[in-house]
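Please open the model in your viewer and keep the sequence beside it. The tour below tells you what to select at each stop and what you will find there.

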Amino acid sequence: MGTSTERAGAATQGGQGGQPATGGPGAQRMAPEGERAAGGAQPPVALSPSRASDFMQCPLLYRFRVIDKLPEKPSAAATRGTVVHAVLERLFDAPAAERTAPGARAMVPGEWEKLLAKRPELAELFTDGAGGADGERLAVWLAEAEALVERWFSLEDPTRLEPAERELYVETVLESGLQLRGFVDRVDIAPTGEVRIVDYKTGKAPRPQFAEGALFQMKFYALVMWRRSGTVPRRLQLVYLGSGDLVTYDPTEADLRGVERKLLALWEAIQLATRTGDWRPRPTKLCGWCDHQAHCPEFGGTPPVYPLAVRPAAGEGGEQGRMGTI
Ligand code: SF4
């Protein structure tokens, strides 16, 4: 889906009987070699854009989300993104002439109710200090979601669009065996056969120096589509509803080969960390948004016991520190 709405699953923390952490920032408690993975934890088998970004941001964050599957608190912003995406997807169920801004705004409360029915824990986002429902906060939040939906109509005209796909699950296996997968918000196909991949963002467009990070996700999807169909998508389009910006990029084969090389290097680093259990924290300003400070050595915390079997890192030591070059 390309938003930050992916959440870690239920807690599957390892047991509590590990050794105390020793050594540098990468040192964590580990299960002895050959010990079975605890709690059903499995090594990663595929990459999505979100998880690739997690690893690039902080390897330890990736571990907490993918291997330990530590729970994370619901976020009002991410939940709003989910509701807005649902409206922009389902709006196209209606005939073209009925895809109006007032109609789309009116869909917001219903999509929120549907989401809440599936995930009742989201109700905690709108409670007052005593645990009761905070109707005023919910009303403000719904109005913000409606404003984002309305802004979309200033950027695209759904009465002139007939998407080929919405919320499309895409997957491919590269020659190396690396599996890539993810959800594309929308795919448009022109009468000439040219493909446009569209992604909705409920935040603001990044400043130019950070634009490459946002495009990485789109190029990831373009690579998957290219490997699936043999045709490079003609255009990648990011729709920033927070600031009312459209960002487009026309990828080339050379771009996508570059992304493939980057992902292969990333995957090697992930596999190395998986084998050795050496997942290093990488503190940045983004730590302020991280739910796992209580388990992070950078904040005085201790990670759970590593739930996978580990192998000695003979000849492999120190590679984690090189992630900044990927
Ligand atoms: S708090 Fe920062 S350094 Fe620690 S796991 Fe989270 S993102 Fe990584």
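Select strand 3 (residues 165-173) and strand 4, which form a hairpin with five residues between the strands, and look there for Gly177, whose phi is positive and near 100°. Strands here are DSSP runs of E with at least two residues, helices are runs of H or I with at least four residues, and both are numbered from the N terminus. This is a predicted model, in which local features need pLDDT of at least 70 and side-chain atom pairs count only at pLDDT 80 or more, while totals for chains, interfaces and linings use all residues. Residues are numbered from 1 along each chain as its sequence is written.

Stay with these two strands, which pair in the antiparallel sense over eight bridges; two strands are said to pair if DSSP finds at least two bridges between them. To see one place where they face each other, pick Glu165, which stands opposite Val187 in strand 4.

Arg186 stands opposite Val198 in strand 5, and the hairpin of strand 4 and strand 5 has five residues between them, with Gly193 in the turn at a positive phi of about 95°.

Move on to helix 1 (residues 49-57) and helix 2 (residues 59-67), which pack at an angle of about 140° with their axes 5 Å apart. Axes are lines fitted to C-alpha atoms, for helices over the stretch in contact, and angles run from 0 to 180 degrees between N-to-C directions. Angles under 35 degrees count as roughly parallel, over 145 as roughly antiparallel, 65 to 115 as roughly perpendicular and the rest as oblique, and helix 1 and helix 2 are therefore oblique to each other. Select Arg51, Asp54, Phe55 and Gln57 in helix 1, which meet Pro59, Leu61, Tyr62, Arg65 and Val66 in helix 2; contact means that C-beta atoms, placed from the backbone, lie within 7 Å.

Finally, select the ligand and the 14 residues around it, of which Cys58, Pro281, Cys287, Cys290 and Cys296 come nearest; a residue is near a molecule if its C-beta atom, placed from the backbone, lies within 6 Å of it.

Technical notes:
Contact = placed C-beta atoms within 7 Å.
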